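The sequence and the coordinates come first, and the description follows.

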Amino acid sequence: MTAAVESDRTQPRWRRILTRPGNALIFLGLLLLGVLWIYPFIWLLSASLKTQPEIFGSGLGLLPQEPIWENYARAWNVVGFDRYFLNTVLITGGTVLLIVVRSALAGYVLGRYKFIGKKVLIAVFVVTFFLPEGYTIIPVVQLTDQLGLLNTFLGVILGLGAGGQVAATLLYAGYFSGLPKELEESARLDGAGPLRIFTQIMLPLSWPITATVVILSFLFAWNTYLLPLVFTLSEPEMRTLAVGMTAFVGENSTDWPGLAAAAIIALVPVMAVFIALQRKFVDSIAGAVKQ
Amino acid sequence: MRTNIPLERTPAGMPSLDRRRFLGVSGAGLMTAVLASCTGGGQSSEESGGSSGAEGTIRWWDQFRPLTEMLEQDLFTPYTEAHPGITIERRQLAAADLGQALQVARRSNQLPDVHTLVGLDSAPAALVSEDWFQPISEFADFDSSPVADQIFDGLHRFDGEIYSVPLFSARQHQTIPWYNTELLTQAGVDPEDEPTTWDDLRAVARQVTDNTEASGIFLPAQNPNYLTAIVTQLAMAAGAPGAIDWSTGEYVYDSQPFIDAVEFLLSLQRDGLVHPASAAMIPRDALARWAAGEGAIFPWGPWFIGDLITESPEVVERGLGCWSIPRPGAERHSVRSGPAGGVFWVSTDSGQPAVAADLLLQMTGEDFQAALASAMDQPPALLETVETADVHPAYRDCVSRFAEDVRIAPAPEIGHPEAWRVVAEMRAVQPDLGIIVQSALSGEDIDVAAQLRTFREAASAERDRALATVQQEGIEVGLDAWVFSNWEPESDYMIEDYEGR
Amino acid sequence: MTAELEQLRTTHPPAPPAQPRAGVLRRLRKDWWIYLFLLPTVLGYGAYTVYPLLASWWFALLDWPGFADQGTFVGLENFERLLADDLFWNSFRNSLVFLVCAVPLRVGLALFLAILLNRKKTPFKGFLRTLYFLPVVTTGAIIGVSFTLLLDAGGPISLALVQSGLLDSPVNFVADTGTSLFAGAAVWVWKWLGITMIYWLAALQTIPEEVHEAAMLDGAGPGREFLHVTLPLLVPFLVIITLIDTVGALNVFDLMYTLTAGGPAFSSEVIEIFIFRTAFGASVPQLGYASAAAVLFGLITMGLAVAQAVGVGWARRSIGGMK
């Protein structure tokens, strides 16, 4: 379905379409709604460049009298955003890696082999598929503590990526189950073991799914809040952007321009990644749901 | 993995603070390099790298942002200069975060050596019984410290051992009407002409609202605890004994003074005298907006000037002052405040109790108390140091008003050795006073008197339940622990009064 | 993706040469590497999903103040207290109101947009889609904080409503007991609309072009064509998409905690905030009690998940029947 959403291939076509009043009206309506949809970001951007009284004092005007770039410097330096940024990158990277590795391995055997215990495994997946995070946070803290991993990055990464994530496993399983059997058989005749078959044949073949899983788990890990919040309560140096941002509010609740600037700093990377890869993003989500 | 080894006793050379993180990272296989390079680079670990042997690092958590400079200058720096082996790592956390941070730290045996209890301070005795702290009396001579007469059983001393000491004066409350002199003058109000009654205060607020761009008064309603405090204090000014009538031991949240106090606040809002954004403000927001000149009066604590000076000294220059808490009519009533509890506590896992005790002892000394006074935060336990300290005249005025207006109330924990068990067993009853006022202020149509009665009944029932639970465990304590028949509302309840009841 | 589960259960992907009645031990020994491949998932999933699930049932039976190391067993007392706790029911009601208001809005509005975007005659589809989708990728907690400014009495939304005459006086939407929950629901719909729209676009793509054309040839107008031809074909997807969004509406901690923190006066406290506040926020944290609330919450969600499995099964059969 992927290419079909994006069906306007011929450029001059829009000119022809918009000459019909009905079409033009619908387009204008959609455009207006779209602008309304990103208005909060535009307002935030404008607020991040205003002075404190200007934010709530200058009505609906979006243009600051004079852009105050210093707001960004303050948000970045005072709050220690550089540190939060690095933390978020590390935690996200580790989580994505963990999810990809374990989902690909499990998805491969689940998708292609029959073995004792498979039904049990799938039943467990079904039962726990939609378990909300808030449900397990107390035991997860307890477990992480018992492993001695509270206040470590590994603890956060395991908390995020070790459990859950059934969807990723199933995506891999679905993909691998559709690959022809001959792939392995010929490799096995050449004397390759399961691990070699997996890493040299199967994993490279599954790159579209890997891309999807990377994108979905990137979104999940970058935006997650509850777990890093609880895990870094006693260790502010390990806060992620999302947690650091809310801490910033707690400590500087009236520094609105600084707050807006901090929000922009925290949102821009994920938005940039999205805009750069948007086709893939949308296809991933649509593809995942269709399966 | 679960270890009780105090962090400071780790082998020399390994950065003690990061030991746990190190353990976490070492098993990480392929991520080790990346993570180690990152966790090892924190500011905190650099400082602790050199500590070893008998010396060590004191980790210290508190929420006193305005005291940051003063603690550094008057306590930590002199101490570490005198004891070259000792490093002190202080971390200041927002009051709202500190309680949560402590809980998590406790569960993972990472409590700092010394910390405050904000957010967990409902019953320090409960924490003592759960083995959070260690006694410090053997390490320092607190009995001859200047605050010795303010150290009480059940608050600071448990089973004969001292765990903590009072640093701040009990003679204070949190709702002093601070005013902006410039705005008042602009509105044609003479600050010297003190509004002593509720109607006087309303008139001043109205004059400001009518004659200037600014609002009359701030009532930061996002924080229910603030609302609880202001209503309780206004109710006491109107003649209520407090949340509890100490002569009978009963809760009195639904008595007339409480209802009147809530009505007074609601009427200020109805009259349009309250800053319109108040509903979304916590007290810190209100302070910032007060400083920006958006309103004339903001009832808050004695730390008002201390807070302002660290962030915007020019605002203090502009002119400010305080009045006493107003009352409904001509009759004066004092407001009451319980005895001052301990502030800093020494964690049970701390490997440096002697150093911690020494630091706490120094904080009770006259030098530090005088420095505390000049920081203009909460008034120091040794109140007389305020008179000679270099403080803003309005701060001195505020403290001398406390001497007139505030009386010390009794505390069940001091009077009965087992009362704390009941306090610790009691759970928060909701909706409480602050929440009821918050709903009423946000325009919900509720019957305040009926809600207050429901709350009073629920609070009593919860105390009865807690009492029954504790009694079931075979502990002898009764409701009489809350009754102080010799209590006089207009005088201090002294230590000898506990014996005479 | 739940369809995937079904598929795994019903169809058997290529299996190694069948050896019926082979000894269990022999099979296990032969398949050792399969279990090796599964090891990370089994360990991780066991420790971080299955164990917490079981542990919270155990914790729910304990009286466990957060500052104590251990809890004491109290049986079902926590559940009894919960059922009598007005604030628990308050949060339950709030979650329900949130769900009932926000989910239909999100699903319906997304369908509307998807249909317009799916029209051949709409230009710049990709661009428009990007606009609607952008909030989806953003961080919920940061959106929550940012909207405290946008929804302030002096913020642009209140200002615009006053200027257009829809409001008499400025309102702080997050600090008013009457509006805070709905403000949260509105922000949630705004944030997640784009992803539901993509679901719908994917669903619409499954309807073959000939169906539309046939309907048009029969003389049906676009309205009637949609009502009688497209909509019936979309019903199975409606079930799936509604269920996905419903579960999403029960996972709103980050947004609601940063937007309103449940206030004012608990007016927007959803179940997850109730759990968090009881476990970490209170001055006497109650881990056992919070776990009991979590268990009840989990049961509700699981009920929905079962409904989902049933619904998906039904939907798949319907889709299959169509083809």
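## Nonpolar core

The largest nonpolar core contains 332 residues. Such a core is a set of buried Ala, Val, Leu, Ile, Met, Phe, Trp, Tyr and Cys residues joined through C-beta atoms within 7 Å. A residue is buried if 20 or more other C-beta atoms lie within 10 Å of its own, exposed if 12 or fewer, and partly exposed in between, with C-beta atoms placed from the backbone. The residues with the most contacts inside the core include Met245(A), Val231(B) and Trp200(C). Helix 9 (residues 180-205) of chain C supplies the largest share of this core, 17 residues. Helices (H or I, at least four residues) and strands (E, at least two) are DSSP runs, numbered from the N terminus.

Ala263(A) is another of the residues with the most contacts in the core. Apart from neighbours within four places in sequence, Ala263(A) is in contact with Leu44(A), Met245(A), Ile142(C), Val145(C) and Ser146(C). Two residues are in contact if their C-beta atoms, placed from the backbone, lie within 7 Å.

## Model and numbering

This is a predicted model, in which local features need pLDDT of at least 70 and side-chain atom pairs count only at pLDDT 80 or more, while totals for chains, interfaces and linings use all residues. Residues are numbered from 1 along each chain as its sequence is written, and chains are lettered from A and ligands numbered from 1 in the order in which they are written.

## Chains A and C

The contact between these chains takes 96 residues from chain A and 93 residues from chain C. On the side of chain A that touches chain C, helix 3 (residues 21-47) of chain A gives the most, with twelve residues. That side has 69 nonpolar, 18 polar and nine charged residues. Here Ala, Val, Leu, Ile, Met, Phe, Trp, Tyr, Cys and Pro count as nonpolar, Asp, Glu, Lys and Arg as charged, and the others, Gly among them, as polar.

Chain C has 14 helices and two strands, and its C-alpha trace spans about 75 × 75 × 30 Å along its principal axes. Of its 323 residues, 51% count as buried. An automatic or database assignment sets the domain bounds. In chain C it gives domain 1 (23-59) and domain 2 (78-322), with C-alpha centres 34 Å apart. In chain A it gives domain 1 (13-73) and domain 2 (80-251), and 37 Å separate their C-alpha centres.

## The sheet of chain B

Four strands of chain B form an open sheet with mixed pairing, in the order 2-1-3-13. Strand 2 (87-92) and strand 13 (345-346) of chain B are at the edges with a single partner strand each, so one side of each has no neighbour in the sheet. Two strands pair if DSSP finds at least two bridges between them.

Strands 1 and 2 of chain B pair in the parallel sense over six bridges, and Arg59(B) stands opposite Glu89(B) in strand 2 of chain B.

## A buried helix

Nine of the nine residues of helix 20 (residues 433-441) of chain B are buried, so this helix is largely enclosed by the rest of the structure. Its buried residues pack against helix 9 (224-237), helix 10 (256-270) and helix 21 (448-472) of chain B.
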